[in-house]
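Work through the exercises below using the sequence and coordinates. Each task is followed by a solution in steps.

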Amino acid sequence: MKDFEKLLRDNNLKITKGRLAILELLHQSKIPMNTEEIFAEVDKEELPSFTSLYRILNQLTDVGIIEKNLYQNGLLYYELRDKKHKHYIICEKCGKISAIENCPISDFEKEASIETGYIVVDHVIELKGICPDCQNK
Ligand SMILES: [Zn+2]
Ligand SMILES: [Zn+2]
């Protein structure tokens with residue numbers, strides 16, 4: 001288990017049950033989660049309202065513990081910052097997201113760097129598709 005209490009302390013945030021619950025949830029999740037999903041999963045005693053959820057997500061994003069990204073389905077998704085570099089595929093029909101473990105881009109980054117002289121620092125790739133469930137409908 002990760003030491004989220006230390007992480008919060010290091011970022012000058014008070015250790016609260018709500019913050020810890022969100023971090024633990026995002027840590028267990030293999031994929032980024034949107035606010036609705038987080039709120040549905042989290043213990044309501046630790047995080048009673050949507051407003052407090054938003055507030056905590058913003059605080060954690062501000063200090064860089066988590067990051068938020070706007071996906072093509074128009075929703076914001078949250079994930080822990082220290083997660084391994086990963087790409088995701090999103091279903092165009094139901095919005096489900098799955099992780100793709102391998103990143104094939106490093107060769108391409110090298111080529112791009114040689115060709116343009118740039119130092120490549122990052123890349124963003126989002127794949128779209130139809131998930132197995134939707135294919136069977
Ligand atoms: Zn689908
Ligand atoms: Zn990649």
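**Exercise 1.** Determine how many salt bridges and how many residue pairs in polar contact there are between domain 1 and domain 2.

*Solution.* The model is a predicted one. Start with the bounds: domain 1 covers 4-80 and domain 2 covers 87-135. Next, search for a Lys or Arg side-chain nitrogen within 4 Å of an Asp or Glu carboxyl oxygen. Between domain 1 and domain 2 this gives zero salt bridges. Finally, count polar contacts with both residues at pLDDT 80 or more: one residue pair between the two domains qualifies. On the side of domain 1 that touches domain 2, the residues by class are four nonpolar, two polar and two charged.

**Exercise 2.** Find what area is buried between domain 1 and domain 2, and which residues of domain 1 lose the most.

*Solution.* The C-alpha centres of domain 1 and domain 2 lie 24 Å apart. Each domain supplies eight residues to the contact. The buried area comes to about 730 Å², with 58% from carbon and sulfur atoms. Within domain 1, the residues that lose the most area to domain 2 are I31, Y71 and Q72, which together make up 60% of what that side buries.

**Exercise 3.** Identify the donors of the zinc ion (ligand 1) and assign the geometry of the site.

*Solution.* List the donor atoms: the SG atoms of C91, C94, C131 and C134 coordinate the zinc ion at 2.3 Å. Their spacing in sequence reads C-x2-C-x36-C-x2-C. Then take the angles among the four donors, which run from 106 to 111°. The tetrahedral class requires all angles between 85 and 135 degrees, so the site is tetrahedral. For reference, the ideal angle for four tetrahedral donors is 109.5 degrees.

Technical notes:
Residues numbered from 1 in each chain as written. Chains lettered and ligands numbered in written order. Predicted model: local features only at pLDDT ≥ 70, side-chain atom pairs only at ≥ 80, totals over all residues. Heavy atoms only, no water. Domains from an automatic or database assignment. Contact = heavy atoms within 4.5 Å. Buried area = accessible area lost by both parts, 1.4 Å probe. Polar contact = N/O pair within 3.5 Å; in protein donor to acceptor, adjacent residues only side chain to side chain. Nonpolar A, V, L, I, M, F, W, Y, C, P; charged D, E, K, R; others polar. Donors = N, O, S within 2.8 Å, 3.2 Å for Na, K, Ca; no water. Tetrahedral: all angles 85-135°; square planar, octahedral: opposite > 155°, others 65-115°.
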